[in-house]
Amino acid sequence: MAISRRAFLAGASAFSIMEGLASAASNARIFAPNGGQAAEFLICRRLYLDICGRIPTPEEVNEYVASRSTRKRENLVDKLLESDDFADYYAMRYCDFLRVKSEFPINLWPNAVYVYHHWIRDTIRRDMPWNEFARTLLFSRGSNFRVPQVNFLRAAASRTPEGLSKAVSTSLLLEPTEKYAKYFSRVRWKKTREWKEEIVYLDDGPADASPEAFMAELEGPLAPQFVAAPVQRVHWWIYGSLAKKYELERWANAFRKGGYRLKPLLRYVFSQTDYRKGPGKGGFPARRMDAEVLDDVLCTLTGARRDFGSIAPEPYSFLPPTRKSVLVEDGSITSAFLILFGRPARDSGLLDERNNRITAKQRLYLYNSSKLWRDLGRLVECKDFAELSHADQIRELYMRFLSRPPVRDELFYFDEKNNIGARDVAWFLLNSREFLYRI
Amino acid sequence: MNTNKQNKAPEPAKRGFAKSVIEIWLWGGPCQLETFDPKPDAPHDYNNGLKSIKSASGFELHEWLPELAKCSNLYSIIRSMTHRYPGHETATYLMQTGRNPGGGVTYPALGALISSSRVKGPGKGNSVQSGLLYEGDLPPFVILTHAKGRFSEVGFLGEAYAPLVTGGRASAKRFEVDGIVPPGGLTREQIIDRFGRASRIDRLPPDAEFEAAGAAAREIILGKAAETFDLTREKEQTRKRYGTNPAGTSYTEIGQQLLVARRLVEYGVPYISINYSGWDSHKRHFETMNRPTHEMDKAVSALLQDLNERGLLDSTIVWLSGEFGRVPKVDRQPPWNGGRNHFPRCFSALVAGGGFKGGQVVGESDETTDHVKERPVTPQDFLGSIMELAGVDPDDRLPNPMWLKEYGPVMNPKVKSQCGRLKEIYV
């Protein structure tokens, strides 16, 4: 993907606005200049990563930093929550815990995966309340191709009452348990003449042994846990840990006040002091970008193409190489990069199925992959980039990779006379924790 | 341990187990007639008038394999390989995993099974023999130079057992192995300088996990592991031995890949797979297959002799096959114009070293290779034999990932073996 001249100019204008930053030397001055509060560019980058699953462009950082509005953070959060990127990114997160994949051990099958993903993404965009979402998943009956949400009662590794109980309680209560098996003892599936179509229905039996009765439990005695589950999930996504009791109560309260909707909860989370802390000890916890997010960021920066494939022997499924990794509906379709960087298999729906820990193999790839090196070459050989002066190239790379301009000693370090080419600079930035992590 | 086998006393080991396996995968399906099962007396439409030559061990090989004919005491051939899948993907899956395609679960290929049994970790197989544990810096499963694609070699075993796929070109001036050998032709000093700068440039305070992962990665890049891929450390005579172009001005890619494979065996890597494509000769078969067959002849014979001279052949299994063979009767009609299509009913394979006898022929085809005449060998028998000699029990349960405990044994029990594993050519 070529970088437009307009983008360069927009990035360049950000430099002047952030001029104060350019003279900063210490890390504290760069990342947390205001009494431990994160720098504005960092807040902007965090919000883009946490809401949209991507890093901001130089123009977007520029716009945010330049804004004099006292509500600029709230305005940005509102804007991003209404974006397509938000729906894409949170659909991916929902699909993780709803186990959306076509092949073993879940076996939703491709057509069902696509309609189900489309439905999930739509509910996120419309911000369907959590209790209504659960009710729709539990009450729906019919064809896996025509009634997307019935796939919830198919997405279990074991389709016994116990297996369904485990799958459903993992998704709705964050607790894999078989103790609710009786509510799923009447759930049945039958084939049709259409290949891989399946009808979900309820067999005859007592009314208190049904998913509807389980919903009554969720809204009755299980309500605290039922409300806590999505709240804890959001805490995990943002901070990489479960909320402690006091914090959980505050967040759950905000969730309740917001009508059990995701967007008001996120607005609340992003308005908290904790979210505005600078990085480092006692500050905002650094986490490596999700596999899909890192893949998309690298492909956007360098114009690289992805290489998706299905690991299942049949059917073979391929996606265009320009498809965002965040938007890959099917957990059975993946790439070597996504596997390497810990994309979850979506077999269990548990939180820790996604692995964002850095490994030696990942660092080997980032250090030394000839594909990445070629991709970086494509970036710096782009005509618009090549025409910039060496110093502007450095500034541009910092803006694009780190969402900030280089400080004086960084510019000095990469001075032309030190004979470090733009591709090498890009390589250095790519291998930095500041780039790879959401800080 | 498989509960069904708990009461069965283990057979005493009669031989040492092979430490390493080299798989030479002829992607596309080589023709049995122009390799290990020539039929010079068949009609012209079957052999195109080409002849056979007698090997040093007395069996016939196609005239395009003169070098392999000279060292036939080092390997054995199977002329009765058979299965029923004529599609590349399904046949490859079967010939790599020993499992029939379908069923919604992807089983691990032989390379992942054997290599995962050699390392410590949750996926450790039950059949690891003492002395076979691998603790090198390189991953235990290395693929030269491109993955097979279409299906995952590692199957459900997961990323921890995924192979290192080298990328790059072994015959290039510098073999740039993805992740191991830095791209851009940097010297060791330049690489060290780079790492130093990278750590200085990172503005964030050090993080133990990030640093440890980086240190482990740098160890691989700067340690002995990376040298394994450096073919400039070999004598030119050795590099040429594995094959050059007819003018002698450049090395063949397959030859240099097999030389890297030998170096990886010396390093201790348990499983090396070479994916050698270009054998899918639907059109103009005889014109297109002459060159790769000669290159394969030169490279494989050099590998076997080199391993033997270095005392490594006894502890290294070498196997060579494609996913199937080719239709015996040449199709001279357009658009094939003298091509051969896919043919799984009867084809050939080669095994050597690591407990396999040399100079033997297993099975027999009919006058044209249309049918197996004697001693059919299924993919399950074939792969099971390799596993057995590599010290991994093919009847044992899989490494037991949490959600697959009900699956096993490794080789599909539903496939009835017709004649069993290749025990007649075990040493």
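Predicted model: local features only at pLDDT ≥ 70, side-chain atom pairs only at ≥ 80, totals over all residues.

The buried residues of H18(A) are covered by elements that include helix H15 (291-302), H17, helix H19 (383-386) and helix H22 (422-430) of chain A. Covering is judged here by contact, meaning that the C-beta atoms of two residues, placed from the backbone, lie within 7 Å. Helices (H or I, at least four residues) and strands (E, at least two) are DSSP runs, numbered from the N terminus.

Residues are numbered from 1 along each chain as its sequence is written, while chains are lettered from A and ligands numbered from 1 in the order in which they are written.

Which residues of H18(A) are buried? They are A:Leu372, A:Leu376 and A:Leu379. A residue counts as buried if 20 or more other C-beta atoms lie within 10 Å of its own, as exposed if 12 or fewer do, and as partly exposed in between, with C-beta atoms placed from the backbone. Viewed down the axis of H18(A), the buried residues fall within an arc of 55°, so they line one face of the helix. That arc is taken over the directions from the helix axis to the C-beta atoms. As for length, the twelve residues of H18(A) should span 16 Å at 1.5 Å a residue, and its end C-alpha atoms are 16 Å apart, which agrees. The expected span is 1.5 Å times one less than the number of residues in the helix.

In helix H14 (residues 262-271) of chain A, the buried residues are A:Leu262, A:Leu265, A:Leu266, A:Val269 and A:Phe270. Down the axis of H14(A), these buried residues fall within an arc of 130°, so they line one face of the helix. Their cover includes helix H4 (40-52), helix H6 (72-81), helix H8 (110-126), helix H12 (223-239) and helix H13 (245-257) of chain A.

Chain A also holds an open sheet of three strands, in the order S1-S3-S2, with antiparallel pairing. Strands are said to pair if DSSP finds at least two bridges between them. Strand S1 (142-143) and strand S2 (187-191) of chain A stand at the edges with a single partner strand each, so one side of each has no neighbour in the sheet. S1(A) is joined by two bridges to strand S3 (residues 198-202) of chain A, and the two run antiparallel. Here A:Ser143 stands opposite A:Ile199 in S3(A).

The domain division of chain A gives domain 1 (5-83 + 288-438) and domain 2 (98-224); such bounds come from an automatic or database domain assignment. The C-alpha centres of domain 1 and domain 2 of chain A lie 37 Å apart. Their contact takes twelve residues from domain 1 of chain A and 17 residues from domain 2 of chain A.

Next, the two chains together. In all, 38 residues of chain A are in contact with 39 residues of chain B. Which element gives the most to the side of chain A that touches chain B? H17(A) does, with seven residues. By class, this side of chain A has 19 nonpolar, eleven polar and eight charged residues. Ala, Val, Leu, Ile, Met, Phe, Trp, Tyr, Cys and Pro count as nonpolar, Asp, Glu, Lys and Arg as charged, and the others, Gly among them, as polar.

Chain B has eleven helices and 14 strands, and 52% of its 427 residues count as buried. Eight strands form an open sheet of mixed pairing, in the order S6-S5-S7-S1-S8-S11-S4-S12 (chain B). Its edge strands are strand S6 (164-165) and S12 of chain B, each pairing on one side only.

Is strand S4 (residues 75-81) of chain B buried or exposed? Seven of its seven residues are buried, so S4(B) is largely enclosed by the rest of the structure. S4(B) is joined by five bridges to strand S11 (residues 347-352) of chain B, running antiparallel, and the bridge partner of B:Met81 in S11(B) is B:Phe347. Two bridges join S4(B) to strand S12 (residues 361-362) of chain B in the parallel sense, where B:Ile77 has B:Val361 as its bridge partner.
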